[in-house]
Amino acid sequence: MARSLSLLYLALASPAVLLSFVVGGPAAEVVFTILVMGFPVALIALATARKGRLGPPLRLPLFLLLVVLEGTSVGMLALRGKVMALPWFAGLPLAAVLLLVLWLAPLPVVALGYALTFERRGFDQEERDSADGGGAAGEDKR
Amino acid sequence: MPMPASPAVVWTAIAYLAVVVLIGVWAARRTRSAKDFFIAGQRIGLLVTAFATMSAAFSGFVFVGGPGLTYRIGIASLFIVIPVSFTGGLLCWVLAWRLRLLAGLREVYTVPDVVLCRYRSRAASGLAAVAIVIGTLAYLGAQLQALGILIESIFGTERFLGHWSLAVSMAIGVLVIVFYATAGGMVAGVYTDLFQGVLMLGAAVAVFFFAMNIGGGTESIARSIVGSQQFGPRFLDPFGGVPVFTAVGFFFVFALGNLGQPHVLHKFFMLDDPRKLRWMPAMIGLTQTLCVLIWLGIGLAVPALVAQGHLAPLANFDEATPAFLLGFAPDLLTGLVFAGILAAIMSTADSFVNIGSAALVRDLPQALGWRSGDELRQGRIAVVALAVGAALFAYLYGDLIALLGTFAFGTFGAALGPALAVGLSWRRVTAPAAIASIAVGMGVNVLLELLTKLAIFDAASWLPFAPGVLPTAVALAASFTVLFAVSLLTAPGGESVDEDVARLIEG
């Protein structure tokens, strides 16, 4: 299911992005932004799904990543042109703070999400053998 | 670029170059085979791989071009670098594990080797090699040109050498890179990258805190900027300085384009144990995020200082970093940063010299069905030829090289990203789809960039795109679209994937 949904998303979002470039205008900008922020999560889900399904340990970090990417970018779009109209936070306009959140928040989510779910991928014996260098790459080609 | 004219800067640069040469000498003794030369014998640990990945990915643009771009368009420039917090994870989840395991299953030294393993098509791997050679010449040429300008600036060679100054400065830079890249191959490459990465990190963090302090703190900086006529509130609006298509287009290109950068992906072949990938996203993400602080720090401090009347408005945006350092930073910090810029340029250049030589002596002959002989010897010759050729091209066609260098990243990303990222996760991607995707990504990006920037005709009015749309974003989206469309239209044919590789793809 996760694999199929990811493939469907990527296959449809790619031409939709091209279409948004041609159509232009504020609505197309919003659609473009939302689509772009989904690409990284879709690619990760496609790459990590096993037997078509996303393992439960991966669901939370990917969900959090998606929320951060989509939430901050849509928030920045909503705050366009309102730098002085809204209260500032930590010495910066709110939109600039959202940009910094988009920059920094994914780091712990992704770093810990990857590290803590690493073993649970369940490496099979062939992957372990390959990891120990049992393949042809052990020989040099001259 | 303004001349530092400071002994501290000169001696720091000399010390840096000396260390790099010494690492080259050390690495030469550990380079005995083609495997050592191209993938450092597959003996590299987590820390070195992470720093090598970080420093290869970051060129001098992070230190000089980035702050200059911020001065010009405001914080919208940060859309280029904010993906660094998660692209380490994106790389590791999507590609790194599979790349490293492939390097254990097969004799995989390069990205075209991966394409050949996956698609069983010499046309696909050959096309990937062509993309790499073209991108390498452009990227390498741009880096060598920047290196020459920087050396000229640090050592003030124009006073002594006149119109020969740039040529001699470029020759010095090329000589150092060629020495350690030829002698030590990727062993020299990754360990100089480690040294360069630590230097870049230290310089970036130190300058960030210094810049914030000189500007008067975050709120003082921000209020100065929004209150000025030159910059105003739009400077601190993420979508104030450029159209949304440009800002989010930066994010699209630089987040997903990472998946096609051969000089980054190549590092994963060298890891001694793929199980060490566990902490790779954390290491890459943290080091890159810290390095980017210089972009933010100088990018905010310089406009604030201009707004506060402490600095004259810049005539050339790229003067932001040198103007700040020379006007406000202590000599030692300036020396550290100039050495950091040297490191950033050279770490990217040495990666490309190795990638390019592998494409010339291994990937292209393989695609043409030729048997290659002594790859170690040929690789060393190719390093020299590539570096000298790129430097000559950059010297003679400086403007063209600068132009080509700026879109080499996009060419790699659009050409190679989709075929690798989707193709290594979905068995249904066919060889014709990979070929079409690589060709479209490369062709569309080069064509659109040249049309719009060389102004052969008024391309902007002719192309059917909204204002602010990036050519590379078009190429990347087109490459993904073509990959899926052709995969669905073509049946998986005679190029069946080996079972062990197929198990790796499907997970």
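These legends describe close-up views of a predicted model.

**View 1. Chain A is built from helices.**
Chain A has six helices and zero strands. Read along the sequence, the pattern is α-α-α-α-α-α. Chain A has 142 residues, and 50% of them count as buried. Take the contacts in chain A with a separation of 6 or more: 67% of them join residues 24 or more positions apart.

**View 2. Thr72(A) sits in helix H3 of chain A.**
Helix H3 covers residues 56-78, and Thr72(A) lies in this run. Is Thr72(A) buried or exposed? Its relative accessibility is 6%, so Thr72(A) counts as buried, since the cut-off for buried is under 20%. The side chain of Thr72(A) reaches back to the backbone oxygen of Leu69(A), at 3.5 Å. An α-helix has 3.6 residues a turn, so residues three or four places apart point the same way. Beyond four places in sequence, Thr72(A) touches Val67(A), Leu98(A), Val101(A) and Leu102(A).

**View 3. The second largest pocket is lined by chain A helices.**
This pocket holds about 340 Å³ of space. Its lining has 15 residues, and those closest to the centre are Ala2(A), Ser6(A), Val41(A), Ala45(A) and Leu54(A). Which elements give two or more residues to the lining? They are helix H1 (2-23), helix H2 (25-48) and H3, which belong to chain A. By class, the lining of the second largest pocket has 11 nonpolar residues, two polar and two charged.

**View 4. Leu43(A) belongs to the largest nonpolar core.**
The largest nonpolar core has 238 residues. Leu43(A), Phe63(B), Phe79(B) and Leu277(B) have the most contacts inside this core. Helix H9 of chain B, residues 165-215, gives the most to the core, with 20 residues. In soluble globular proteins, nonpolar side chains tend to be buried together. What does Leu43(A) contact, leaving aside neighbours within four places in sequence? In chain A, the partner is Leu10(A). In chain B, the partners are Leu90(B), Val94(B), Leu256(B), Leu259(B), Ala421(B), Val422(B) and Phe480(B).

**View 5. The second largest cavity lies among chain B residues.**
Rolling a probe the size of a water molecule over the atoms shows where empty space is left. The count comes to three cavities of 30 Å³ or more. The second largest cavity has a volume of about 50 Å³. Its lining includes Thr110(B), Val111(B), Pro112(B), Ile132(B) and Pro262(B). His266(B), Ile355(B), Ala358(B), Ala359(B) and Asp363(B) also line this cavity. Helix H6 (111-119) and helix H16 (331-367) of chain B each supply at least two lining residues. H16(B) gives the most, with four residues. By class, the lining of the second largest cavity has seven nonpolar residues, two polar and one charged.

**View 6. Helix H6 of chain B is mostly covered.**
How many of the nine residues of H6(B) are buried? The count is nine of nine. Just after H6(B), Arg120(B) takes a positive phi of about 55°.

Technical notes:
Residues are numbered from 1 along each chain as its sequence is written. Chains are lettered from A and ligands numbered from 1 in the order in which they are written. This is a predicted model: local features need pLDDT of at least 70, side-chain atom pairs count only at pLDDT 80 or more; totals for chains, interfaces and linings use all residues. Side-chain values use heavy atoms; hydrogens and water are left out. Buried means under 20% relative accessible area, exposed over 50%, partly exposed in between (1.4 Å probe, protein chains only). A polar contact is a pair of N or O atoms within 3.5 Å; within protein, one must be able to donate a hydrogen and the other to accept it, and residues adjacent in sequence count only if both atoms are side-chain atoms. Contact means heavy atoms within 4.5 Å. On a 1 Å grid over the protein atoms alone, a cavity is a set of points where a 1.4 Å probe fits but cannot get out, and a pocket is an open set with protein on both sides within 12 Å along at least five of seven lines; lining residues have an atom within 4 Å of a point. Grid points are joined across faces, edges and corners, and a volume is the space filled by probe spheres set on the points. Ala, Val, Leu, Ile, Met, Phe, Trp, Tyr, Cys and Pro count as nonpolar, Asp, Glu, Lys and Arg as charged, and the others, Gly among them, as polar. A nonpolar core is a set of buried Ala, Val, Leu, Ile, Met, Phe, Trp, Tyr and Cys residues joined through side-chain atoms within 4.5 Å.
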